[in-house]
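Here is a short report for a reader meeting this structure for the first time. Look over the model first, then read on.

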Amino acid sequence: MYTGKIRQILLITDGCSNQGEDPIAMAALAKEQGISVNVIGVMEQDVIDEKGMIEIEGIAMSGGGVSQIVYAQALSQTVQMVTRKAMTQTIQGVVNRELQQILGRSQTIEDLPPEKRGEVMEVVDELGETVELEVLILVDTSASMKHKLPTVKEALLDLSLSLNARTGDNQFAVFVFPGKKNDVEKILDWTPKLQSLTSIFSQLTTGGITPTGPAIRTALSSFHSKRSLRSLMTGDDESFLEESM
Amino acid sequence: MMMNHSLKSRCKVAPGTVITGKWHSNKYTVLKELGYGANGIVYLAKFKNSQVALKMSDNGMSITSEVNVLRSFAKVQGSTLGPSLLDVDDWNTKTGQISFYTMEYIQGADLLSFIQNKGKSWTTVLFLQLLNDLNTLHENGWVFGDLKPENLIVTGPSPKIRCIDVGGTTIKGRAIKEFTEFYDRGYWGLGTRKADPAYDLFAVAMIMINTAYPNRFNKTTGGILQLREAIRKQKDLHPFEKVIVKALEGHYTNAVQMRTELMSLALSRQNPGSVPKSPPTTANPKDTNQSQKINYTGSPPKTRQNYRKKKKKGRLAETFIIAMSIALLYFLYIFQKLL
(Lines give C-alpha, C1' and ligand atoms only; values in the text may rest on other atoms or scores of the structure.)
Protein backbone atom coordinates (compact mmCIF):
# COMPACT_ATOMS: atom_id res chain seq x y z
CA MET A 1 0.00 0.00 0.00
CA TYR A 2 1.00 3.60 -0.60
CA THR A 3 2.78 5.00 2.43
CA GLY A 4 4.49 8.08 1.01
CA LYS A 5 3.42 11.59 1.67
CA ILE A 6 1.79 14.16 -0.52
CA ARG A 7 3.72 17.37 -1.11
CA GLN A 8 2.20 20.50 -2.53
CA ILE A 9 3.05 24.12 -3.17
CA LEU A 10 0.11 26.48 -2.90
CA LEU A 11 0.74 29.76 -4.67
CA ILE A 12 -1.54 32.70 -3.92
CA THR A 13 -1.04 35.62 -6.28
CA ASP A 14 -2.88 38.37 -8.09
CA GLY A 15 -0.87 38.91 -11.20
CA CYS A 16 2.01 38.25 -13.45
CA SER A 17 5.59 37.60 -12.39
CA ASN A 18 8.12 40.22 -13.48
CA GLN A 19 11.46 39.07 -12.17
CA GLY A 20 13.76 36.06 -12.34
CA GLU A 21 13.19 32.61 -13.81
CA ASP A 22 10.07 31.58 -15.70
CA PRO A 23 7.63 30.35 -13.03
CA ILE A 24 6.15 27.81 -15.45
CA ALA A 25 9.56 26.18 -15.86
CA MET A 26 10.05 26.19 -12.09
CA ALA A 27 6.66 24.51 -11.66
CA ALA A 28 7.72 21.82 -14.12
CA LEU A 29 10.85 21.34 -12.02
CA ALA A 30 8.65 20.87 -8.96
CA LYS A 31 6.56 18.27 -10.73
CA GLU A 32 9.72 16.37 -11.62
CA GLN A 33 10.39 16.10 -7.91
CA GLY A 34 6.94 14.83 -7.10
CA ILE A 35 5.70 18.15 -5.77
CA SER A 36 2.52 19.50 -7.31
CA VAL A 37 1.98 23.23 -7.69
CA ASN A 38 -1.50 24.71 -7.19
CA VAL A 39 -2.26 28.33 -7.98
CA ILE A 40 -5.00 30.59 -6.75
CA GLY A 41 -5.47 33.93 -8.47
CA VAL A 42 -7.14 36.49 -6.24
CA MET A 43 -9.26 39.19 -7.81
CA GLU A 44 -11.04 42.07 -6.24
CA GLN A 45 -13.14 44.51 -8.22
CA ASP A 46 -10.38 44.44 -10.78
CA VAL A 47 -9.92 41.58 -13.17
CA ILE A 48 -6.60 39.83 -13.59
CA ASP A 49 -5.17 40.67 -17.01
CA GLU A 50 -5.01 37.98 -19.61
CA LYS A 51 -1.26 37.61 -19.32
CA GLY A 52 -1.59 36.91 -15.60
CA MET A 53 -4.40 34.46 -16.23
CA ILE A 54 -2.38 32.49 -18.78
CA GLU A 55 0.57 32.36 -16.40
CA ILE A 56 -1.60 31.09 -13.53
CA GLU A 57 -3.06 28.30 -15.65
CA GLY A 58 0.38 27.52 -17.05
CA ILE A 59 2.00 27.15 -13.65
CA ALA A 60 -0.71 24.78 -12.42
CA MET A 61 -0.64 22.75 -15.60
CA SER A 62 3.11 22.24 -15.73
CA GLY A 63 3.16 21.80 -11.96
CA GLY A 64 0.59 18.99 -12.14
CA GLY A 65 -1.76 20.89 -9.88
CA VAL A 66 -5.04 22.75 -9.86
CA SER A 67 -5.68 26.44 -10.55
CA GLN A 68 -8.62 28.63 -9.72
CA ILE A 69 -9.31 32.35 -10.11
CA VAL A 70 -11.59 33.77 -7.44
CA TYR A 71 -12.83 36.97 -5.90
CA ALA A 72 -11.26 37.71 -2.52
CA GLN A 73 -14.53 36.92 -0.65
CA ALA A 74 -14.53 33.32 -1.91
CA LEU A 75 -10.88 32.74 -1.04
CA SER A 76 -11.35 30.61 2.10
CA GLN A 77 -13.65 28.13 0.46
CA THR A 78 -11.43 27.95 -2.62
CA VAL A 79 -8.12 27.44 -0.83
CA GLN A 80 -9.37 24.38 1.03
CA MET A 81 -11.16 23.04 -2.04
CA VAL A 82 -8.14 23.40 -4.32
CA THR A 83 -5.82 21.77 -1.78
CA ARG A 84 -8.22 18.86 -1.35
CA LYS A 85 -8.79 18.47 -5.06
CA ALA A 86 -5.08 18.44 -5.76
CA MET A 87 -4.56 15.88 -3.03
CA THR A 88 -7.22 13.58 -4.47
CA GLN A 89 -5.72 14.09 -7.92
CA THR A 90 -2.31 12.99 -6.68
CA ILE A 91 -3.75 9.93 -4.95
CA GLN A 92 -5.70 9.03 -8.07
CA GLY A 93 -2.49 9.30 -10.05
CA VAL A 94 -0.79 6.87 -7.69
CA VAL A 95 -3.75 4.48 -7.68
CA ASN A 96 -3.89 4.63 -11.47
CA ARG A 97 -0.25 3.63 -11.70
CA GLU A 98 -0.82 0.74 -9.33
CA LEU A 99 -3.77 -0.35 -11.43
CA GLN A 100 -1.72 -0.18 -14.59
CA GLN A 101 0.86 -2.44 -13.02
CA ILE A 102 -1.81 -4.96 -12.08
CA LEU A 103 -4.13 -4.76 -15.06
CA GLY A 104 -1.87 -3.73 -17.89
CA ARG A 105 -0.73 -0.61 -19.63
CA SER A 106 -3.80 1.33 -20.63
CA GLN A 107 -6.08 0.59 -17.70
CA THR A 108 -7.07 3.52 -15.49
CA ILE A 109 -9.84 3.96 -12.95
CA GLU A 110 -12.10 5.33 -15.66
CA ASP A 111 -11.79 2.13 -17.67
CA LEU A 112 -13.16 -0.07 -14.91
CA PRO A 113 -16.87 -0.89 -14.85
CA PRO A 114 -18.77 1.49 -12.53
CA GLU A 115 -19.23 -1.18 -9.86
CA LYS A 116 -15.50 -1.84 -9.51
CA ARG A 117 -14.76 1.88 -9.66
CA GLY A 118 -16.71 2.36 -6.44
CA GLU A 119 -14.37 0.07 -4.57
CA VAL A 120 -11.32 1.88 -5.89
CA MET A 121 -12.87 5.18 -4.87
CA GLU A 122 -13.23 3.94 -1.32
CA VAL A 123 -9.48 3.33 -1.26
CA VAL A 124 -8.84 6.83 -2.65
CA ASP A 125 -11.12 8.35 0.02
CA GLU A 126 -9.41 6.39 2.74
CA LEU A 127 -5.97 7.54 1.58
CA GLY A 128 -7.13 11.16 1.36
CA GLU A 129 -8.16 10.93 4.98
CA THR A 130 -5.02 9.30 6.33
CA VAL A 131 -2.09 10.27 4.10
CA GLU A 132 0.59 12.63 5.40
CA LEU A 133 0.40 16.02 3.73
CA GLU A 134 2.99 18.76 3.35
CA VAL A 135 1.81 22.11 2.02
CA LEU A 136 4.18 24.97 1.34
CA ILE A 137 2.24 28.18 0.99
CA LEU A 138 3.72 30.91 -1.19
CA VAL A 139 2.05 34.29 -0.80
CA ASP A 140 2.55 37.12 -3.25
CA THR A 141 3.12 40.29 -1.23
CA SER A 142 3.60 42.71 -4.09
CA ALA A 143 2.01 46.12 -3.54
CA SER A 144 -1.34 45.27 -5.13
CA MET A 145 -1.84 42.41 -2.66
CA LYS A 146 -1.59 44.70 0.39
CA HIS A 147 -5.28 45.01 1.22
CA LYS A 148 -5.98 41.37 0.31
CA LEU A 149 -3.55 40.04 2.92
CA PRO A 150 -6.06 39.93 5.81
CA THR A 151 -8.33 37.80 3.61
CA VAL A 152 -5.40 35.56 2.71
CA LYS A 153 -4.64 35.09 6.41
CA GLU A 154 -8.26 34.12 7.10
CA ALA A 155 -8.19 31.66 4.22
CA LEU A 156 -5.01 30.02 5.51
CA LEU A 157 -6.39 29.63 9.02
CA ASP A 158 -9.49 28.11 7.44
CA LEU A 159 -7.28 25.74 5.46
CA SER A 160 -5.59 24.46 8.57
CA LEU A 161 -9.02 23.94 10.14
CA SER A 162 -10.08 21.81 7.18
CA LEU A 163 -6.91 19.78 6.92
CA ASN A 164 -6.48 19.26 10.64
CA ALA A 165 -9.90 17.59 10.69
CA ARG A 166 -8.25 14.71 8.82
CA THR A 167 -6.77 11.73 10.61
CA GLY A 168 -3.46 12.07 8.74
CA ASP A 169 -0.69 14.46 9.75
CA ASN A 170 -0.17 17.84 8.15
CA GLN A 171 2.88 20.07 7.87
CA PHE A 172 2.67 23.67 6.72
CA ALA A 173 5.29 26.26 5.86
CA VAL A 174 4.67 29.81 4.70
CA PHE A 175 6.89 31.87 2.41
CA VAL A 176 6.24 35.35 1.06
CA PHE A 177 7.69 37.03 -2.02
CA PRO A 178 9.21 39.56 -2.37
CA GLY A 179 10.86 39.35 1.06
CA LYS A 180 12.53 42.11 3.03
CA LYS A 181 16.05 41.36 1.84
CA ASN A 182 15.76 38.58 -0.70
CA ASP A 183 13.32 37.60 -3.38
CA VAL A 184 11.69 35.19 -0.99
CA GLU A 185 11.38 35.18 2.77
CA LYS A 186 10.38 32.33 5.03
CA ILE A 187 7.90 33.60 7.62
CA LEU A 188 6.81 30.28 9.10
CA ASP A 189 8.90 27.11 9.20
CA TRP A 190 7.38 23.63 8.93
CA THR A 191 4.76 23.20 11.60
CA PRO A 192 1.53 21.26 12.01
CA LYS A 193 -0.31 24.40 13.13
CA LEU A 194 -0.91 27.58 11.17
CA GLN A 195 -2.35 29.60 14.05
CA SER A 196 0.91 31.46 14.69
CA LEU A 197 0.39 33.17 11.34
CA THR A 198 -1.96 35.71 12.89
CA SER A 199 0.78 37.79 14.51
CA ILE A 200 3.25 37.42 11.64
CA PHE A 201 0.82 38.50 8.96
CA SER A 202 0.02 41.85 10.52
CA GLN A 203 3.69 42.83 10.36
CA LEU A 204 4.19 42.00 6.70
CA THR A 205 5.38 44.73 4.41
CA THR A 206 4.57 44.68 0.75
CA GLY A 207 7.07 45.36 -2.02
CA GLY A 208 7.03 46.25 -5.68
CA ILE A 209 8.28 43.27 -7.65
CA THR A 210 6.75 39.83 -8.22
CA PRO A 211 9.53 37.22 -8.42
CA THR A 212 7.26 34.17 -8.75
CA GLY A 213 9.84 31.93 -10.45
CA PRO A 214 12.60 32.37 -7.83
CA ALA A 215 9.97 31.92 -5.13
CA ILE A 216 8.99 28.48 -6.42
CA ARG A 217 12.66 27.49 -6.74
CA THR A 218 13.39 28.46 -3.14
CA ALA A 219 10.27 26.67 -1.99
CA LEU A 220 11.54 23.48 -3.62
CA SER A 221 14.79 23.62 -1.74
CA SER A 222 12.87 23.99 1.48
CA PHE A 223 11.28 20.58 0.91
CA HIS A 224 14.80 19.23 0.42
CA SER A 225 16.39 20.70 3.50
CA LYS A 226 13.50 19.40 5.53
CA ARG A 227 13.97 15.95 4.16
CA SER A 228 17.69 15.75 4.73
CA LEU A 229 17.31 17.11 8.23
CA ARG A 230 14.77 14.48 9.06
CA SER A 231 16.91 11.63 7.73
CA LEU A 232 19.88 13.00 9.69
CA MET A 233 17.89 12.98 12.88
CA THR A 234 16.35 9.58 12.51
CA GLY A 235 19.62 8.18 11.23
CA ASP A 236 18.07 6.07 8.51
CA ASP A 237 17.13 6.78 4.99
CA GLU A 238 13.41 7.22 4.96
CA SER A 239 12.11 5.89 1.74
CA PHE A 240 10.01 8.52 0.15
CA LEU A 241 7.77 7.44 -2.59
CA GLU A 242 8.62 9.76 -5.39
CA GLU A 243 5.72 10.64 -7.54
CA SER A 244 5.92 11.73 -11.10
CA MET A 245 2.56 12.77 -12.32
CA MET B 1 -17.32 33.22 -7.29
CA MET B 2 -15.92 30.09 -8.83
CA MET B 3 -15.26 29.86 -12.48
CA ASN B 4 -15.94 26.52 -13.95
CA HIS B 5 -16.02 27.09 -17.67
CA SER B 6 -14.85 23.63 -18.58
CA LEU B 7 -17.49 21.91 -16.50
CA LYS B 8 -20.37 23.89 -17.90
CA SER B 9 -19.34 23.47 -21.50
CA ARG B 10 -18.56 19.74 -21.52
CA CYS B 11 -21.60 18.58 -19.58
CA LYS B 12 -23.95 21.08 -21.15
CA VAL B 13 -26.49 18.98 -23.02
CA ALA B 14 -29.44 20.25 -25.07
CA PRO B 15 -32.97 18.95 -24.36
CA GLY B 16 -33.77 16.02 -26.63
CA THR B 17 -30.26 14.54 -26.50
CA VAL B 18 -30.27 10.79 -26.05
CA ILE B 19 -27.69 9.50 -23.61
CA THR B 20 -26.78 5.85 -24.01
CA GLY B 21 -24.90 4.04 -21.29
CA LYS B 22 -21.66 2.31 -22.28
CA TRP B 23 -22.01 -0.57 -19.82
CA HIS B 24 -25.74 -1.14 -19.32
CA SER B 25 -26.98 0.32 -22.67
CA ASN B 26 -29.93 2.12 -21.12
CA LYS B 27 -31.21 5.07 -23.16
CA TYR B 28 -32.12 8.33 -21.48
CA THR B 29 -33.73 11.32 -23.23
CA VAL B 30 -32.80 14.64 -21.65
CA LEU B 31 -35.88 16.82 -20.97
CA LYS B 32 -34.46 19.83 -19.17
CA GLU B 33 -31.76 21.04 -16.79
CA LEU B 34 -32.73 20.88 -13.12
CA GLY B 35 -29.69 22.57 -11.66
CA TYR B 36 -25.95 22.53 -11.37
CA GLY B 37 -23.46 22.59 -8.54
CA ALA B 38 -19.73 22.39 -8.01
CA ASN B 39 -19.74 18.71 -8.89
CA GLY B 40 -21.85 18.54 -12.02
CA ILE B 41 -25.17 19.17 -13.72
CA VAL B 42 -28.46 17.46 -12.96
CA TYR B 43 -30.99 16.90 -15.77
CA LEU B 44 -34.52 15.67 -15.85
CA ALA B 45 -34.59 12.74 -18.26
CA LYS B 46 -37.08 10.25 -19.65
CA PHE B 47 -36.42 6.54 -19.32
CA LYS B 48 -39.06 4.03 -20.51
CA ASN B 49 -41.97 6.40 -19.86
CA SER B 50 -40.81 7.37 -16.42
CA GLN B 51 -38.96 10.46 -15.28
CA VAL B 52 -35.57 10.22 -13.64
CA ALA B 53 -32.95 12.69 -12.49
CA LEU B 54 -29.63 12.26 -14.28
CA LYS B 55 -26.43 13.71 -12.90
CA MET B 56 -23.29 13.97 -14.97
CA SER B 57 -19.87 15.38 -14.27
CA ASP B 58 -16.52 15.85 -15.90
CA ASN B 59 -15.03 14.54 -12.73
CA GLY B 60 -15.80 10.84 -12.84
CA MET B 61 -14.46 10.31 -9.36
CA SER B 62 -16.95 12.66 -7.74
CA ILE B 63 -19.75 10.74 -9.49
CA THR B 64 -18.32 7.47 -8.19
CA SER B 65 -18.03 8.93 -4.74
CA GLU B 66 -21.68 10.05 -4.70
CA VAL B 67 -22.79 6.68 -6.05
CA ASN B 68 -20.97 5.02 -3.16
CA VAL B 69 -22.93 7.15 -0.70
CA LEU B 70 -26.26 6.46 -2.42
CA ARG B 71 -25.49 2.73 -2.45
CA SER B 72 -24.88 2.69 1.27
CA PHE B 73 -28.05 4.74 1.82
CA ALA B 74 -29.94 1.96 0.07
CA LYS B 75 -28.68 -0.47 2.69
CA VAL B 76 -30.03 1.69 5.52
CA GLN B 77 -33.48 0.48 6.49
CA GLY B 78 -36.18 3.12 6.52
CA SER B 79 -33.97 5.95 5.35
CA THR B 80 -35.80 8.22 2.94
CA LEU B 81 -33.55 11.24 3.19
CA GLY B 82 -31.65 10.86 -0.07
CA PRO B 83 -32.90 9.86 -3.53
CA SER B 84 -32.73 6.19 -4.46
CA LEU B 85 -30.07 5.19 -6.99
CA LEU B 86 -31.25 3.71 -10.28
CA ASP B 87 -28.29 3.30 -12.65
CA VAL B 88 -24.60 4.15 -12.97
CA ASP B 89 -22.88 4.34 -16.32
CA ASP B 90 -20.57 6.19 -18.71
CA TRP B 91 -21.51 8.07 -21.84
CA ASN B 92 -19.11 8.15 -24.77
CA THR B 93 -19.09 11.54 -26.45
CA LYS B 94 -16.88 13.08 -29.12
CA THR B 95 -14.87 14.89 -26.46
CA GLY B 96 -14.45 11.81 -24.32
CA GLN B 97 -16.15 9.77 -21.65
CA ILE B 98 -18.55 11.38 -19.19
CA SER B 99 -19.68 9.54 -16.08
CA PHE B 100 -23.29 9.78 -14.96
CA TYR B 101 -25.80 8.19 -12.65
CA THR B 102 -29.58 8.28 -12.55
CA MET B 103 -31.72 8.50 -9.48
CA GLU B 104 -35.30 8.92 -8.42
CA TYR B 105 -36.68 12.32 -9.46
CA ILE B 106 -37.67 14.18 -6.31
CA GLN B 107 -40.20 16.83 -7.21
CA GLY B 108 -41.16 19.77 -5.05
CA ALA B 109 -40.23 23.19 -3.75
CA ASP B 110 -37.04 23.86 -1.86
CA LEU B 111 -37.37 24.28 1.89
CA LEU B 112 -37.30 28.07 2.09
CA SER B 113 -39.82 28.70 -0.69
CA PHE B 114 -42.11 25.99 0.70
CA ILE B 115 -42.19 27.71 4.10
CA GLN B 116 -42.68 31.05 2.40
CA ASN B 117 -45.70 29.76 0.46
CA LYS B 118 -47.33 27.48 2.98
CA GLY B 119 -46.69 29.50 6.10
CA LYS B 120 -44.47 29.37 9.16
CA SER B 121 -46.57 26.72 10.89
CA TRP B 122 -44.84 24.13 8.71
CA THR B 123 -41.36 25.04 9.93
CA THR B 124 -41.34 22.89 13.06
CA VAL B 125 -42.91 19.87 11.38
CA LEU B 126 -40.32 19.84 8.61
CA PHE B 127 -37.42 20.27 11.01
CA LEU B 128 -38.74 17.40 13.14
CA GLN B 129 -38.81 15.22 10.01
CA LEU B 130 -35.31 16.31 9.05
CA LEU B 131 -33.92 15.53 12.50
CA ASN B 132 -35.52 12.11 12.39
CA ASP B 133 -33.89 11.29 9.06
CA LEU B 134 -30.57 12.67 10.19
CA ASN B 135 -30.68 10.45 13.23
CA THR B 136 -31.11 7.33 11.06
CA LEU B 137 -28.17 8.50 8.96
CA HIS B 138 -25.97 9.17 12.00
CA GLU B 139 -26.83 5.81 13.55
CA ASN B 140 -25.52 4.16 10.40
CA GLY B 141 -22.17 5.89 10.70
CA TRP B 142 -22.64 8.78 8.27
CA VAL B 143 -22.73 12.56 8.59
CA PHE B 144 -24.53 14.54 5.90
CA GLY B 145 -22.02 17.40 5.74
CA ASP B 146 -23.29 19.90 3.19
CA LEU B 147 -26.74 20.47 4.67
CA LYS B 148 -28.42 23.61 3.26
CA PRO B 149 -31.92 24.71 2.17
CA GLU B 150 -31.08 24.46 -1.55
CA ASN B 151 -30.42 20.75 -1.04
CA LEU B 152 -33.67 20.17 0.84
CA ILE B 153 -36.83 19.56 -1.16
CA VAL B 154 -40.33 19.24 0.24
CA THR B 155 -42.30 16.65 -1.70
CA GLY B 156 -46.03 16.00 -1.67
CA PRO B 157 -48.86 15.30 -1.45
CA SER B 158 -48.35 15.05 2.31
CA PRO B 159 -45.29 17.24 2.79
CA LYS B 160 -42.11 15.31 3.42
CA ILE B 161 -38.59 16.70 3.50
CA ARG B 162 -36.03 15.02 1.24
CA CYS B 163 -32.45 15.70 0.33
CA ILE B 164 -31.26 15.91 -3.25
CA ASP B 165 -27.49 16.29 -3.04
CA VAL B 166 -25.46 13.76 -1.11
CA GLY B 167 -22.06 14.97 -2.35
CA GLY B 168 -20.93 16.07 1.10
CA THR B 169 -21.90 12.94 2.97
CA THR B 170 -18.90 11.77 5.00
CA ILE B 171 -18.10 8.75 7.14
CA LYS B 172 -18.24 9.66 10.85
CA GLY B 173 -14.87 10.67 12.23
CA ARG B 174 -13.36 11.78 8.92
CA ALA B 175 -12.92 15.33 7.66
CA ILE B 176 -16.09 16.86 6.17
CA LYS B 177 -15.85 16.44 2.39
CA GLU B 178 -17.89 19.42 1.25
CA PHE B 179 -19.56 22.32 3.00
CA THR B 180 -21.13 25.72 2.47
CA GLU B 181 -19.67 28.46 4.64
CA PHE B 182 -22.88 29.86 6.11
CA TYR B 183 -23.89 26.43 7.45
CA ASP B 184 -20.38 25.36 8.49
CA ARG B 185 -19.44 25.53 12.16
CA GLY B 186 -15.76 25.94 11.29
CA TYR B 187 -16.51 29.14 9.38
CA TRP B 188 -18.25 30.65 12.42
CA GLY B 189 -15.40 29.57 14.69
CA LEU B 190 -17.64 27.23 16.65
CA GLY B 191 -15.95 23.91 16.10
CA THR B 192 -13.90 21.61 13.91
CA ARG B 193 -14.65 20.15 10.50
CA LYS B 194 -14.55 16.59 11.76
CA ALA B 195 -17.69 14.69 10.80
CA ASP B 196 -19.81 14.11 13.90
CA PRO B 197 -23.61 14.34 14.43
CA ALA B 198 -23.22 17.76 16.07
CA TYR B 199 -21.80 19.09 12.78
CA ASP B 200 -25.10 18.38 11.03
CA LEU B 201 -27.13 19.72 13.96
CA PHE B 202 -25.19 23.00 13.73
CA ALA B 203 -26.23 23.22 10.08
CA VAL B 204 -29.85 22.49 11.02
CA ALA B 205 -29.74 25.40 13.49
CA MET B 206 -28.28 27.66 10.80
CA ILE B 207 -31.06 26.64 8.41
CA MET B 208 -33.56 27.60 11.13
CA ILE B 209 -31.89 31.02 11.31
CA ASN B 210 -31.93 31.08 7.51
CA THR B 211 -35.75 30.81 7.52
CA ALA B 212 -35.85 34.26 9.13
CA TYR B 213 -32.97 35.64 7.03
CA PRO B 214 -33.68 34.38 3.49
CA ASN B 215 -30.67 36.27 2.15
CA ARG B 216 -28.32 34.93 4.85
CA PHE B 217 -25.76 37.35 6.25
CA ASN B 218 -22.01 37.68 6.36
CA LYS B 219 -19.61 36.95 9.16
CA THR B 220 -18.55 40.11 10.98
CA THR B 221 -17.29 39.23 14.43
CA GLY B 222 -18.26 35.58 14.02
CA GLY B 223 -18.73 33.33 16.99
CA ILE B 224 -21.82 32.70 19.05
CA LEU B 225 -22.31 36.40 19.86
CA GLN B 226 -23.06 37.43 16.29
CA LEU B 227 -25.44 34.51 15.80
CA ARG B 228 -27.25 35.16 19.10
CA GLU B 229 -27.66 38.77 18.07
CA ALA B 230 -29.13 37.65 14.75
CA ILE B 231 -31.64 35.44 16.57
CA ARG B 232 -32.58 38.28 18.93
CA LYS B 233 -33.31 40.62 16.04
CA GLN B 234 -35.92 38.30 14.50
CA LYS B 235 -39.13 37.80 16.45
CA ASP B 236 -39.93 34.63 14.54
CA LEU B 237 -36.84 32.95 15.94
CA HIS B 238 -37.46 33.75 19.62
CA PRO B 239 -39.55 30.66 20.33
CA PHE B 240 -36.72 28.44 19.04
CA GLU B 241 -33.87 30.39 20.59
CA LYS B 242 -33.07 27.81 23.22
CA VAL B 243 -32.83 24.90 20.77
CA ILE B 244 -30.96 26.90 18.14
CA VAL B 245 -28.33 28.18 20.57
CA LYS B 246 -27.82 24.74 22.09
CA ALA B 247 -27.26 23.25 18.65
CA LEU B 248 -24.90 26.08 17.67
CA GLU B 249 -22.84 25.54 20.80
CA GLY B 250 -22.70 21.80 20.18
CA HIS B 251 -24.61 20.73 23.27
CA TYR B 252 -26.58 18.07 21.44
CA THR B 253 -24.61 14.90 20.78
CA ASN B 254 -27.35 13.31 18.70
CA ALA B 255 -30.33 14.34 16.62
CA VAL B 256 -32.87 12.75 18.97
CA GLN B 257 -31.97 15.15 21.79
CA MET B 258 -32.52 18.15 19.57
CA ARG B 259 -35.72 16.66 18.16
CA THR B 260 -37.17 15.99 21.62
CA GLU B 261 -36.53 19.55 22.76
CA LEU B 262 -37.88 21.03 19.55
CA MET B 263 -40.97 18.87 19.90
CA SER B 264 -41.62 19.97 23.48
CA LEU B 265 -41.24 23.60 22.40
CA ALA B 266 -43.76 23.05 19.64
CA LEU B 267 -46.25 21.42 21.99
CA SER B 268 -45.87 23.98 24.76
CA ARG B 269 -46.56 26.85 22.42
CA GLN B 270 -50.26 27.60 22.30
CA ASN B 271 -50.34 30.21 19.57
CA PRO B 272 -47.31 29.82 17.37
CA GLY B 273 -45.44 32.99 16.64
CA SER B 274 -46.81 35.04 19.52
CA VAL B 275 -44.82 34.06 22.53
CA PRO B 276 -44.21 36.78 25.10
CA LYS B 277 -40.59 37.88 25.25
CA SER B 278 -40.34 38.29 29.02
CA PRO B 279 -42.25 36.36 31.65
CA PRO B 280 -45.56 38.07 32.30
CA THR B 281 -46.07 39.41 35.80
CA THR B 282 -49.60 38.10 36.04
CA ALA B 283 -50.40 35.89 38.99
CA ASN B 284 -51.50 32.95 36.87
CA PRO B 285 -48.85 30.38 37.76
CA LYS B 286 -49.56 28.15 34.76
CA ASP B 287 -48.87 30.95 32.36
CA THR B 288 -45.63 31.95 34.01
CA ASN B 289 -44.38 28.43 33.96
CA GLN B 290 -44.79 28.10 30.22
CA SER B 291 -42.95 31.19 29.09
CA GLN B 292 -40.20 30.29 31.51
CA LYS B 293 -39.62 27.06 29.74
CA ILE B 294 -39.28 28.84 26.45
CA ASN B 295 -37.15 31.81 27.32
CA TYR B 296 -34.70 30.65 29.90
CA THR B 297 -32.22 27.89 30.12
CA GLY B 298 -30.43 27.02 33.30
CA SER B 299 -32.08 29.24 35.90
CA PRO B 300 -34.80 27.48 37.89
CA PRO B 301 -38.39 28.57 37.25
CA LYS B 302 -39.41 31.55 39.31
CA THR B 303 -42.64 30.02 40.56
CA ARG B 304 -40.70 27.82 42.91
CA GLN B 305 -38.92 30.84 44.29
CA ASN B 306 -42.27 32.46 44.85
CA TYR B 307 -43.41 29.40 46.70
CA ARG B 308 -40.33 29.50 48.89
CA LYS B 309 -40.85 33.19 49.59
CA LYS B 310 -44.39 32.50 50.65
CA LYS B 311 -43.16 29.76 52.90
CA LYS B 312 -40.62 32.14 54.40
CA LYS B 313 -43.32 34.72 55.03
CA GLY B 314 -45.46 32.08 56.77
CA ARG B 315 -42.60 31.14 59.02
CA LEU B 316 -42.01 34.76 59.95
CA ALA B 317 -45.67 35.23 60.88
CA GLU B 318 -45.55 32.06 62.96
CA THR B 319 -42.55 33.29 64.95
CA PHE B 320 -44.17 36.65 65.40
CA ILE B 321 -47.39 35.13 66.81
CA ILE B 322 -45.48 32.86 69.19
CA ALA B 323 -43.32 35.73 70.40
CA MET B 324 -46.39 37.93 70.85
CA SER B 325 -48.30 35.33 72.82
CA ILE B 326 -45.29 34.64 75.06
CA ALA B 327 -44.88 38.38 75.61
CA LEU B 328 -48.58 38.65 76.40
CA LEU B 329 -48.42 35.77 78.90
CA TYR B 330 -45.31 37.28 80.50
CA PHE B 331 -47.07 40.66 80.64
CA LEU B 332 -50.09 39.07 82.31
CA TYR B 333 -47.78 37.29 84.78
CA ILE B 334 -45.98 40.56 85.70
CA PHE B 335 -49.28 42.37 85.93
CA GLN B 336 -50.60 39.68 88.28
CA LYS B 337 -47.46 39.88 90.51
CA LEU B 338 -47.80 43.63 90.70
CA LEU B 339 -51.33 43.35 91.81
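In what order do the elements of chain A run from the N terminus on? The order is β-α-β-α-β-α-α-β-α-β-β-α-α. Keep in mind that this is a predicted model.

**The two chains**

Chain A has 7 helices and 6 strands. Chain B has 10 helices and 11 strands. The table sets out further values for each chain.

| Chain | Residues | Buried residues |
|---|---|---|
| Chain A | 245 residues | 42% |
| Chain B | 339 residues | 34% |

Contacts along the sequence can be described as well. Take the contacts in chain A between residues at least 6 apart in sequence: 78% of them join residues at least 24 apart. For chain B, consider the contacts with a separation of 6 or more. Residues 24 or more positions apart account for 58% of these.

**Where the chains meet**

The contact between the chains takes 22 residues from chain A and 22 residues from chain B. On the chain B side, α2 (60-75) and β5 (85-93) each supply at least two residues. The largest share of that side comes from α2(B), with 7 residues. What classes of residue make up the side of chain B that touches chain A? This side has 9 nonpolar, 7 polar and 6 charged residues.

**A helix pair in chain B**

Now turn to two helices within chain B. Helix α5 of chain B covers residues 197-212, and helix α7 of chain B covers residues 241-248. Their axes lie 8 Å apart, and the helices pack at an angle of about 140°.

By class, the contact of α5(B) with α7(B) has 9 nonpolar residues, no polar and no charged.

**A stretch listed in UniProt**

One part of chain B carries an annotation. UniProt, in an unreviewed entry, lists residues 316-335 of chain B as "transmembrane region". How much of this stretch is helix, and how much is strand? In the model, residues 316-335 of chain B are 100% helix and 0% strand. The end C-alpha atoms of this stretch are 28 Å apart.

Terms used
Residues are numbered from 1 along each chain as its sequence is written. Chains are lettered from A and ligands numbered from 1 in the order in which they are written. This is a predicted model: local features need pLDDT of at least 70, side-chain atom pairs count only at pLDDT 80 or more; totals for chains, interfaces and linings use all residues. UniProt positions are given in the numbering used here, feature names are shortened, and annotations may be inferred rather than shown by experiment. Helices (H or I, at least four residues) and strands (E, at least two) are DSSP runs, numbered from the N terminus. Two residues are in contact if their C-beta atoms, placed from the backbone, lie within 7 Å. Ala, Val, Leu, Ile, Met, Phe, Trp, Tyr, Cys and Pro count as nonpolar, Asp, Glu, Lys and Arg as charged, and the others, Gly among them, as polar. Axes are lines fitted to C-alpha atoms, for helices over the stretch in contact, and angles run from 0 to 180 degrees between N-to-C directions. A residue is buried if 20 or more other C-beta atoms lie within 10 Å of its own, exposed if 12 or fewer, and partly exposed in between; C-beta atoms are placed from the backbone.
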